Amino acid sequence: MTSGRLRIITPDCIPRRGEQVYDIATLDNVRDILNDIHRTGELAVRLYAEKFGDIATGQPLFLPPEDLENAYESLSPEDQTVLQRVAARIRSFAEAQKNSLKSLSVPIPGGFAGHDILPVETAGCYAPGGRFPLPSSVLMTAIPARVAGVKHVIVASPKPTRHTLAAAYLAGADGVLCVGGAQAIGALASGICGFPSADMIV
């Protein structure tokens with residue numbers, strides 16, 4: 001986010017020559033949502049979350065770690081075991097990835113040249129909701145962030161199920177924003193409910 005503007009680039013939103021990927025009305029609606037959130041913060045996020053059915057009127061926007069732990073504890077032992085096994089595999093691979101990246105310093109005439117590998121401060125991890133919740137998306141985004149050393153990890157997911165919340169708990173997320181769509185991206189980029197604005201959204 002630069003100068004109060006959010007730039008979103010994904011492979012499927014880069015138009016090919018002569019191709020219009022999204023209609024103007026959709027882009028205008030998204031722009032309005034992001035601008036409203038930039039201006040009024042949590043108030044706008046709540047308004048859109050309730051309007052689009054992410055949460056019921058008066059429900060919390062943000063669930064803290066203790067709610068995530070309670071969701072995990074409410075699962076059957078079989079479901080807990082499955083989530084633990086998947087989380088362990090993802091964590092193992094993320095650690096191997098991290099170990100393959102090294103800071104570099106090379107002496108050159110007059111000094112040194114090189115690079116450092118540093119984690120971002122805050123990551124927003126988006127997990128789709130809809131008909132089929134995807135706790136796997138939580139594990140595959142939040143665990144690598146934690147392994148990398150990201151200080152704040154926030155998950156956003158509309159109508160999160162117990163399994164989604166449990167996955168966020170196992171991944172070590174700082175909480176779950178119960179919001180989806182453009183309003184979730186705007187909230188993560190702006191920072192609401194006491195968490196900082198995200199340096200990266202995945």
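The structure holds zero disulfides, a disulfide being a pair of cysteine sulfur atoms within 2.5 Å. Cys193 is in no disulfide, and the nearest cysteine sulfur, from Cys178, sits 9.1 Å away.

A quick word on what you're looking at: this is a predicted model, where local features need pLDDT of at least 70 and side-chain atom pairs count only at pLDDT 80 or more, while totals for chains, interfaces and linings use all residues. Residues are numbered from 1 along each chain as its sequence is written, and side-chain values use heavy atoms, with hydrogens and water left out.

Here is how some residues score for accessibility. Buried means under 20% relative accessible area, exposed over 50%, and partly exposed in between (1.4 Å probe, protein chains only).

| Residue | Relative accessible area | Class |
|---|---|---|
| Cys125 | 1% | buried |
| Cys193 | 28% | partly exposed |
| Thr57 | 71% | exposed |

Now for helix H1. Helices (H or I, at least four residues) and strands (E, at least two) are DSSP runs, numbered from the N terminus. H1 covers residues 24-40, so 17 residues, and reaches 24 Å from its first C-alpha to its last, close to the 24 Å expected at 1.5 Å a residue (that is, 1.5 Å times one less than the number of residues).

Which residues of H1 are buried? They are Ile33, Leu34 and Ile37. These cover an arc of only 90° around the axis, which puts them on the same side of H1; the arc is that of the directions from the helix axis to the C-beta atoms. On the other side, Ile24 and Arg39 are exposed. The buried residues of H1 pack against helix H2 (42-51) and helix H7 (181-190), with contact meaning heavy atoms within 4.5 Å.

What about the ends? Asp23 caps the N-terminal end of H1, with a side-chain oxygen 3.1 Å from the backbone nitrogen of Ala25. After H1 comes Gly41, whose phi is positive, near 60°.

On to the core. The largest nonpolar core has 49 residues, and Leu61, Leu139, Val155 and Leu177 have the most contacts inside it. Its largest share, six residues, comes from helix H5 (residues 135-148). A nonpolar core here is a set of buried Ala, Val, Leu, Ile, Met, Phe, Trp, Tyr and Cys residues joined through side-chain atoms within 4.5 Å. Leaving aside neighbours within four places in sequence, Val155 touches residues including Cys125, Val138 and Leu177.

Finally, Thr57 lies in the loop between H2 and strand S1 (62-63).

Methods
A polar contact is a pair of N or O atoms within 3.5 Å; within protein, one must be able to donate a hydrogen and the other to accept it, and residues adjacent in sequence count only if both atoms are side-chain atoms.
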